[in-house]
Amino acid sequence: MKRLVLAVCALTLALRCSAAPLDGQWQGSLPTTGDINAVVEDRFQALDTGGVGTGFYEPGKGLHPYLSSVDRCGDTIWACGRKLLMRSDDGGFTWATKPVPENAPGEFTRIAVTSVDDLWMVGHIHPGGPGKNWLYHSPDGGKTWTEVLKGKVEGGLGLYCRGRERWLLQGQNGAWHSNDSGETWRKEDFGVSGFQPSNIAIPADTGTTGGFAIYVLGAVTSNPKSPARLLVKSDNGGMTWRKIELPQPDKLYFWRQPISFATSTHGWIGAADGSIIETRDGGATWTNRNLPEPRSIVALWFDTLGRGFAAVENGDLIHPSAAVYATPDCGEHWTVAATGSKQINAFAGTAPDRLIGVGTVPGYLPNDLVMILKPPSRR
C-alpha cells in the first residue's frame with residue numbers, strides 16, 4: 001500500500017509538472033509591483049492561430065511551433081513562421097493557412113505587405129549565408145509566387161515594403177533597395193565601410209526637407225570582437241546618407257535591435273540589456289528610457305502620442321516572467337502589460353486599438369502565439 005501511495009503521488013507530481021507550462025500561464029498571471037495590492041492589468045488577449053478560445057493546441061488542428069513575423073493592412077493580417085503562412089481577415093481572431101511558395105525552405109522569417117493581397121516574404125535555412133536565403137513576392141494573396149533577386153539574396157534580417165519602397169537588409173552582406181515596387185533593384189552600402197544593416201524604419205510623414213526620412217540600424221564590425229552599433233539616416237529617400245552616433249549598450253546583438261520611429265524625428269531603439277534610447281530631434285540627442293529590468297528587447301512599437309510596447313526575450317520555460325512592457329509617456333514610465341509563458345517576436349499596428357503581436361508559447365510542445373491588444377479597462 002505504501003508503494004502504491006508513493007507511486008500515485010509521483011504520477012500526480014509528474015502530471016502537474018508537465019502541464020504547468022500549458023495551463024494557467026497561457027493567459028498570463030497578474031504580477032505585483034512593490035505594493036502587494038498594486039496589480040498590473042494583463043493588457044493583451046492571448047490566443048493562437050487555431051482561433052478564439054482554443055487556448056493551447058487542439059488535436060486535429062495542426063501544431064504551429066512559432067510565428068516569426070507579422071504585418072497588417074487594415075483588418076487583414078499576414079503572419080509567417082516555421083513552414084507556415086497564415087492570414088486573418090478579422091484583426092487576428094480567426095486564421096486560415098495559406099500555401100507557401102513551391103520548393104520553398106521550411107522557415108519564413110520576415111513578411112511585409114503593401115496591400116491586402118500583395119505579399120513579400122523571406123525564406124531562410126539556418127545557418128544562413130549565400131544560397132540559403134530567398135525573397136518571394138505574391139501579388140494575389142499567395143495564389144502565385146515569384147522568386148525575386150534569384151541567386152542574389154544573402155540574408156534576411158530586415159524587410160520593409162510600403163508604397164513603392166522595397167528594402168531587404170542582409171547584415172554583413174549589405175542591403176538591396178528598390179524604389180519602383182520591386183521592378184529594379186540596386187545594392188546599397190549606405191556609404192559606410194563594414195556596416196551591417198539589421199533593422200529599418202521609414203516613418204509615414206515627409207519630414208522637414210520635403211523628402212522622406214529613412215533610418216537604418218546595424219553595426220560596424222571593423223573590430224569583430226567589439227562591434228559598435230550605428231544608425232544611418234537619409235532625409236531624401238535614400239539618395240544620400242549620414243551617420244548618427246549612438247550610445248553603446250552593455251550587450252550588443254545587432255541582429256536583434258528593434259527600432260521604432262513614430263515620426264521622421266521621434267523614435268526609439270532597443271538593445272539586449274534592456275536599454276532603450278529615445279530621440280525627439282531626428283537623432284541629434286538621445287534620452288535613456290530603459291526597462292525596469294535588463295531583459296533583451298525583441299520588438300518595439302510606438303505611436304505618435306508616445307504610447308508604446310516593448311516585448312522582451314521570455315523563453316525560460318521554468319521561470320516565465322514579464323513578456324511585454326507598456327508605457328503611456330514615451331518610455332519615461334513602464335508597467336508590465338503581459339506575463340507568463342509567452343514569447344512575442346514581432347508587432348504590427350497602426351494604432352493602440354489595432355496592435356497585434358505574434359510569437360510562440362515555449363514548452364515541450366511549443367505552439368504559435370497571437371497577442372491582440374485589448375481596450376483599456378474602464379474601471
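Is Glu278 buried or exposed? Glu278 is buried, at 2% relative accessibility (buried is under 20% relative accessible area, exposed over 50%, partly exposed in between, with a 1.4 Å probe and protein chains only).

A word on the basis: this is a predicted model, where local features need pLDDT of at least 70, side-chain atom pairs count only at pLDDT 80 or more, and totals for chains, interfaces and linings use all residues. Residues are numbered from 1 along each chain as its sequence is written, and side-chain values use heavy atoms, with hydrogens and water left out.

1. Glu278 has a charged partner: its side chain meets Arg280 in a salt bridge, 2.8 Å from N to O (a side-chain nitrogen of Lys or Arg within 4 Å of a carboxyl oxygen of Asp or Glu). The overall count is 13 salt bridges.

2. Take a look at Asp71 and Arg162, whose salt bridge is 3.1 Å, N to O. Asp71 sits in strand 4 (residues 67–73) and Arg162 in strand 12 (residues 158–162), 91 residues apart (strands are DSSP E runs of at least two residues, numbered from the N terminus). Asp71 is buried at 8%, while Arg162 is partly exposed at 35%.

3. Lys233 and Asp235 also pair up, with their closest N and O atoms 3.5 Å apart. Here Lys233 is buried at 6% and Asp235 partly exposed at 26%.

4. Now the sheet: four strands form an open, antiparallel arrangement in the order 20-21-22-23 (strands pair if DSSP finds at least two bridges between them). Strands 20 (259–261) and 23 (287–288) each have a single partner strand, so one side of each lacks a neighbour in the sheet. Three bridges join strand 20 to strand 21 (residues 267–270), and Ser260 stands opposite Trp268 in strand 21.
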